[in-house]
Amino acid sequence: MKSMIRKCTACNRFTMLDACSRCGSDTVLAIPPKYSPVDRFQKFRLREMKENGENTN
Ligand SMILES: [Zn+2]
């Protein structure tokens, strides 16, 4: 398996661990997959929710 570089979501520290060795926060893959329908779906939902929220205000 290729090396999977991850990045801390809190301090942006690069690591290969699931948790940051510096602050203990969760890490995410530094290089996202090219094809990610789930991510696109989430972005669409967030955008929709944000627009609806602005309209109600
Ligand atoms: Zn960190």
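Me: Where is Asn12 found?
Reply: Asn12 lies in the loop between E1 and E2. Helices (H or I, at least four residues) and strands (E, at least two) are DSSP runs, numbered from the N terminus. Two notes on the source. This is a predicted model, in which local features need pLDDT of at least 70, side-chain atom pairs count only at pLDDT 80 or more, and totals for chains, interfaces and linings use all residues. Residues are numbered from 1 along each chain as its sequence is written.

Me: Is Asn12 buried or exposed, and why?
Reply: Asn12 counts as exposed because it has 10 C-beta neighbours inside 10 Å. The cut-offs: a residue is buried if 20 or more other C-beta atoms lie within 10 Å of its own, exposed if 12 or fewer, and partly exposed in between, with C-beta atoms placed from the backbone.

Me: What about the phi of Asn12?
Reply: Positive, about 60 degrees, although Asn12 is not a glycine. Most residues other than glycine have a negative phi.

Me: Switching topic. What is the pattern along the chain?
Reply: Read along the sequence, β-β-β-α. That comes to one helix and three strands.

Me: In what order do the strands sit in the sheet?
Reply: E2-E1-E3, in an open sheet with antiparallel pairing. Strands E2 (14-15) and E3 (27-29) stand at the edges, each with a single partner strand, so one side of each has no neighbour in the sheet. Two strands pair if DSSP finds at least two bridges between them.

Me: How many bridges join E1 to E3?
Reply: Three, and E1 (residues 6-8) runs antiparallel to E3. As one example, Cys8 has Thr27 as its bridge partner in E3.

Me: Which residues does Arg6 contact, leaving aside neighbours within four places in sequence?
Reply: Thr15, Met16, Leu17, Thr27, Val28, Leu29 and Ala30. Contact means that the C-beta atoms, placed from the backbone, lie within 7 Å. Arg6 itself is in strand E1. It counts as partly exposed because it has 19 C-beta neighbours inside 10 Å.

Me: Last one. What share of the chain counts as buried?
Reply: 5% of the 57 residues.

Terms used: Contact = placed C-beta atoms within 7 Å.
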